[in-house]
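Student: I should like to learn how to read the features of a protein model. May we go through one together?

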Amino acid sequence: MMNPIEYAAYRRVLERGDQLCADVEVRIKGRENYLVVLFAESQANDYDMVMVLEKDADRDIDWYDNDLHAAYVDVTEKLFADGAGETHWNPREAFKEQVLSFGDVREQIRQQLKEARLQKV
């Protein structure tokens with residue numbers, strides 16, 4: 001079981017391929033590095049967790065939120081798969097819901113993805 005979330009905040013909308021994704025910065029209790037969780041709209045009127053990245057940058061040195069360097073590592077499988085590579089959906093869904101339910105994260109994602117879609121047209 002993953003430790004509880006101490007902090008989660010919407011950061012920005014970005015485009016991955018042709019899909020708009022909301023970038024949410026997450027801090028988990030007892031974990032040194034921040035995580036960046038990407039969400040995209042799903043068919044079920046909610047959000048799919050596209051991937052989880054570990055932000056491997058020192059905030060004191062890399063304070064300007066530079067996403068152009070190799071400071072982001074995809075840890076989605078590492079967080080939710082067992083030794084045999086099987087993904088465990090219950091912990092993955094529980095984590096997704098914790099992030100979306102933290103403060104106003106879900107509402108911020110909704111507003112910002114809607115605005116980004118309108119600007120894209």
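This is a predicted model: local features need pLDDT of at least 70, side-chain atom pairs count only at pLDDT 80 or more; totals for chains, interfaces and linings use all residues.

The dialogue below takes up the strands, the helices and the core in turn.

Student: How many bridges join strand 1 to strand 2?

Tutor: Helices (H or I, at least four residues) and strands (E, at least two) are DSSP runs, numbered from the N terminus. Two strands pair if DSSP finds at least two bridges between them. Here strand 1 and strand 2 run antiparallel and are joined by 10 bridges. Within this pair, Ala9 stands opposite Glu25 of strand 2. The two strands form a hairpin with two residues between them, and Gly17 in the turn has a positive phi of about 65°.

Student: Which strand 3 residue is the bridge partner of Val24?

Tutor: That partner is Val37. Strand 2 and strand 3 also run antiparallel, with five bridges between them. Their hairpin has five residues between the strands, and Gly30 in the turn shows a positive phi of about 85°.

Student: Which residues of the largest nonpolar core touch the most other members?

Tutor: A nonpolar core is a set of buried Ala, Val, Leu, Ile, Met, Phe, Trp, Tyr and Cys residues joined through side-chain atoms within 4.5 Å. The largest one has 23 residues, and those touching the most other members are Val24, Val26, Phe39, Val52, Phe95 and Ile109. At least two residues come from each of strand 1 (5-16), strand 2 (19-28), strand 3 (34-41), strand 4 (47-55), helix 2 (89-101) and helix 3 (105-120). Strand 2 gives the largest share, five residues. A second, separate core has seven residues, including Val36, Leu38, Met51 and Leu53.

Student: How should I read the length of helix 3, and which of its residues are buried?

Tutor: The expected span of a helix is 1.5 Å times one less than its number of residues. For the 16 residues of helix 3 this gives 22 Å, and the end C-alpha atoms are 22 Å apart, which agrees. Its buried residues are Val105, Ile109, Leu113 and Ala116. They fall within an arc of 65° seen down the helix axis, so they line one face of helix 3; the arc is that of the directions from the helix axis to the C-beta atoms. These residues pack against strand 1, strand 2, strand 3, strand 4 and helix 2.

Student: Which residues of helix 2 are buried?

Tutor: They are Arg92, Phe95, Lys96, Val99 and Leu100. Seen down the axis of helix 2, these buried residues fall within an arc of 130°, so they line one face of the helix. Just after helix 2, Gly103 takes a positive phi of about 55°.

Technical notes: Residues are numbered from 1 along each chain as its sequence is written. Side-chain values use heavy atoms; hydrogens and water are left out. Buried means under 20% relative accessible area, exposed over 50%, partly exposed in between (1.4 Å probe, protein chains only). Contact means heavy atoms within 4.5 Å.
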